[in-house]
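Reader: I'm new to reading protein models. Could you walk me through this one?

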Amino acid sequence: MKATTEYQITYLEGSGELVEKVNQFLDHLKSKGKKEKTLYTYGKDVELLVNHFGNGKAITKITKPLMGGFLKCDGILKTASGKDKSHITINKTRRVVSQFFDWLIENDEITESPMPKEITPVNRSEA
């Protein structure tokens, strides 16, 4: 018999614009009827963004060059134990972060996404 895992949305703690917007994004997803497991995994993905830039980072100060560095950081490319993440996992995280920025545009928080236009698998030799 397969054990079931309880997933619960985890809001980020702390103050600052980035944390507040991430938590609002998670609320938005919850209001759209996303499942708890989806909310949990999306929360973990956007948490990588906060961990990289810091709680108080102004969303308007996250630029394309800064995102380039984020998309090549170990938080995106490696597991906590230091192993390479799969391309599927990397691409999922990139899509979720891109959705976060799209949501910010829809809510007139930013005018342009700092994400690259095309989200393609990361070439590990470049990382």
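Reader: Which pattern does the protein follow, read along the sequence?

Author: Before we start, this is a predicted model, where local features need pLDDT of at least 70, side-chain atom pairs count only at pLDDT 80 or more, and totals for chains, interfaces and linings use all residues. Residues are numbered from 1 along each chain as its sequence is written, and side-chain values use heavy atoms, with hydrogens and water left out. Helices (H or I, at least four residues) and strands (E, at least two) are DSSP runs, numbered from the N terminus. Here they come to five helices and zero strands, and along the sequence that reads α-α-α-α-α.

Reader: How many residues does H5 have, and what span does it reach?

Author: H5 runs over residues 87-106, which is 20 residues. The expected span is 1.5 Å times one less than the number of residues, and for H5 that is 28 Å. From first C-alpha to last, H5 is close to that value, reaching 28 Å.

Reader: Which helices are included in what covers the buried residues of H5?

Author: Buried means under 20% relative accessible area, exposed over 50%, partly exposed in between (1.4 Å probe, protein chains only). The buried residues of H5 include Ile-90, Phe-100, Trp-103 and Leu-104. Their cover includes H1 (17-31), H2 (36-53), H3 (64-71) and H4 (74-77).

Reader: Is Leu-18 buried or exposed?

Author: Leu-18 sits in helix H1. Contact means heavy atoms within 4.5 Å, and leaving aside neighbours within four places in sequence, Leu-18 is in contact with residues including Leu-49, Phe-53, Ile-62 and Phe-100. Because its relative accessibility is 0%, Leu-18 counts as buried.

Reader: How far apart in space are Leu-18 and Gly-54?

Author: In sequence, Leu-18 and Gly-54 are 36 residues apart. In space, C-alpha to C-alpha, the two are 7.7 Å apart.

Reader: Why do H2 and H3 count as roughly perpendicular?

Author: Axes are lines fitted to C-alpha atoms, for helices over the stretch in contact, with angles from 0 to 180 degrees between N-to-C directions. The axes of H2 and H3 come within 11 Å and cross at roughly 110°. Angles under 35 degrees count as roughly parallel, over 145 as roughly antiparallel, 65 to 115 as roughly perpendicular and the rest as oblique. So H2 and H3 are roughly perpendicular to each other.

Reader: Which residues of H3 make the contact?

Author: On the H2 side, the contact is made by Leu-48, Leu-49, His-52 and Phe-53. The H3 side brings Leu-66, Met-67, Gly-69 and Phe-70.
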